[in-house]
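Please open the structure in your viewer and keep the selection panel at hand. The tour below goes from one selection to the next and says what is found at each stop.

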Amino acid sequence: MPLWLELVIRVGGVLVAFLTLPLLVGQAEHKVMAHMQGRLGPMYAGAFHGWAQLIADGVKFVQKEDVTPAEADRAVFRLAPAVALVPYLLVLLVIPLGPGDLVGQPLDIGLFFVLAVVGVGVVAVLMSAWASANKYSLLGGLRGAAQLLGYELPLVLAAASVAMAAGTLSLPGIVEAWQPWWLLWQAPAMVIFFVAGLAEIRRPPFDMPIADSELVFGYLTEYTGLRFAFFLLAEYVGIVVIAALTTVLFLGGWHGPFADAQLGWLWTLLKVFAVSFLVIWLRVAFPRLREDQLQRLCWLVLVPAALAQLVLTAAVRVAL
Amino acid sequence: MSDRSERSEAGGGTGERGVPGAGLVKGLAVTLKTMTRRSTTQQYPDVAPELPPRSRGVIALLEENCTVCMLCARECPDWCIYIDSHKEEVAVPGAARPRQRNVLDRFDIDFSLCMYCGICVEVCPFDALYWSPEFEYAEYDIKDLLHDKDHLGKWMGTVPPPPAHDPSGEPAKEETAAARKAAVPAAPVDRPAAPAVRPEPGAGA
């Protein structure tokens with residue numbers, strides 16, 4: 001197979017995943033949240049239980065006027081949605097779907113790359129917040145910056161723990177080295193990573209930067225039409241990315257009950273959807289954390305726990 | 001994870017809650033349980049709602065029962081009932097003189113004014129007015145909410161049969177009154193006692 005063809009197939013595959021998985025998660029959120037609240041959710045779009053609701057939403061967003069406030073910093077304002085969206089696309093490139101070569105781009109420093117690129121999200125938040133020239137946007141953006149910078153630390157520490165355990169930074173390598181008893185050994189790191197990941201993608205109960213009951217819509221207040229849709233899409237790609245990372249790092253990726261070599265991709269996808277369901281479930285069940293509770297959870301609970309996990313990982317690693 | 005967050009919230013608490021994080025688990029359990037149950041949503045335009053028989057949807061008129069006594073129009077708090085009538089003589093063979101009877105010319109209810117208090121239905125001595133659960137009579141123009149007697153009569157078809165009497169409820173007034181009248185001998189004994197009580201407030205004033 002010529003190189004360019006392989007490249008096209010891999011990039012095309014990642015692009016397809018980038019465009020379909022968030023829609024699936026978004027539709028699942030519509031329906032799961034509705035049923036958890038005793039409602040039905042969308043029922044009309046697409047005739048059967050509203051399966052086409054998100055497509056209809058997309059069509060609606062495209063038709064809407066794209067407003068840029070007069071006082072806004074136009075260039076930055078217009079660029080921010082892309083900055084929010086692209087990092088997640090890049091992350092999907094290195095997440096292994098199955099054993100062997102079933103990954104967009106095998107990268108030896110995959111974990112490092114992922115953490116670095118996910119960290120770009122804070123730039124998009126600050127760009128949109130500052131460029132909007134709106135006090136709600138600015139407040140939301142500053143909250144977002146404080147939250148994202150704070151939760152970056154436990155996220156990285158928890159990921160470092162599993163990287164230490166596996167002895168590699170390559171994501172396929174970590175899955176390769178993973179063994180079921182790690183579920184117990186790395187359990188605190190998994191919980192820390194998941195919670196910090198939720199905060200990184202600003203999902204409820206960590207949606208303080210958006211906080212629609214007090215900040216209108218935080219840093220998204222001034223966005224309309226397609227640019228707003230891009231931010232929303234970024235949120236759902238974020239769910240997929242965090243679920244996929246949790247799967248790959250802590251839940252054993254393509255390891256399943258049987259036929260890992262053939263059905264690895266299926267196990268990975270199932271785990272990703274299970275974790276995504278958990279993300280939605282937490283959103284429905286828990287109220288938003290207050291700003292001080294948010295920071296307290298990060299600095300007084302997650303960071304010390306992550307450090308303790310590092311010590312534990314190191315100790316077990318040395319003892320083995 | 002978040003159980004720790006709650007512990008930090010309850011930090012220095014009295015410990016009235018047992019296990020830290022129990023509340024969080026309970027919240028998750030409630031949402032999950034709700035998800036497995038059928039939702040309570042009524043698919044209204046597709047599926048007609050099941051309204052209780054005494055729903056106050058619209059007032060229907062049974063024209064034959066109306067004697068043009070005007071009680072409903074007079075009791076109506078916002079004067080939304082308009083009644084016109086004329087008298088007609090009915091010659092009864094063998095009678096000394098012709099009878100007179102009222103003929104209803106117009107019976108309009110303006111549902112843009114009606115506040116659905118139901119006083120007209122309650123006050124009607126001849127059961128000419130009924131509540132119907134029918135509620136889909138919205139109009140684009142407020143003037144079109146004035147419905148005449150033919151339109152009100154059409155709603156009679158939607159009036160449900162009265163609900164069965166609640167066996168554990170108190171008996172109907174008619175029944176108790178009939179029972180009291182049947183026990184006539186007891187009544188005169190009670191009657192003298194009533195005036196004896198009444199003078200008291202008068203004496204106080």
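Of the contacts in chain B with a separation of 6 or more, what percentage is accounted for by residues 24 or more positions apart? In this predicted model, such residues account for 67% of those contacts in chain B.

Select the whole of chain B and colour by secondary structure: there are nine helices and five strands, and from the N terminus on the elements run α-α-β-α-β-β-α-β-β-α-α-α-α-α. If you then colour the 205 residues of chain B by burial, counting a residue as buried when 20 or more other C-beta atoms lie within 10 Å of its own, the buried residues make up 12% of the chain.

Next, select the strands β2, β3 and β5 of chain B, which form an open sheet in the order β2-β3-β5 with antiparallel pairing. The edge strands, each pairing on one side only, are β2 (81-90) and β5 (146-147) of chain B. Zoom in on β2(B) and β3 (residues 99-110) of chain B, which pair in the antiparallel sense over ten bridges, and pick out B:Lys87, which stands opposite B:Asn102 in β3(B). Strands of a sheet pair through backbone hydrogen bonds, so the backbone is the part to display here.

Finally, show chain A as well, and select the 14 residues of chain B that are in contact with 19 residues of chain A. On the chain B side, the elements that give two or more residues are α1 (2-9) and α2 (22-36) of chain B, and the residues of that side divide into three nonpolar, nine polar and two charged.

Key. Residues numbered from 1 in each chain as written. Chains lettered and ligands numbered in written order. Predicted model: local features only at pLDDT ≥ 70, side-chain atom pairs only at ≥ 80, totals over all residues. Helix = DSSP H or I, 4+ residues; strand = E, 2+ residues; numbered from the N terminus. Contact = placed C-beta atoms within 7 Å. Nonpolar A, V, L, I, M, F, W, Y, C, P; charged D, E, K, R; others polar. Pairing = 2+ DSSP bridges.
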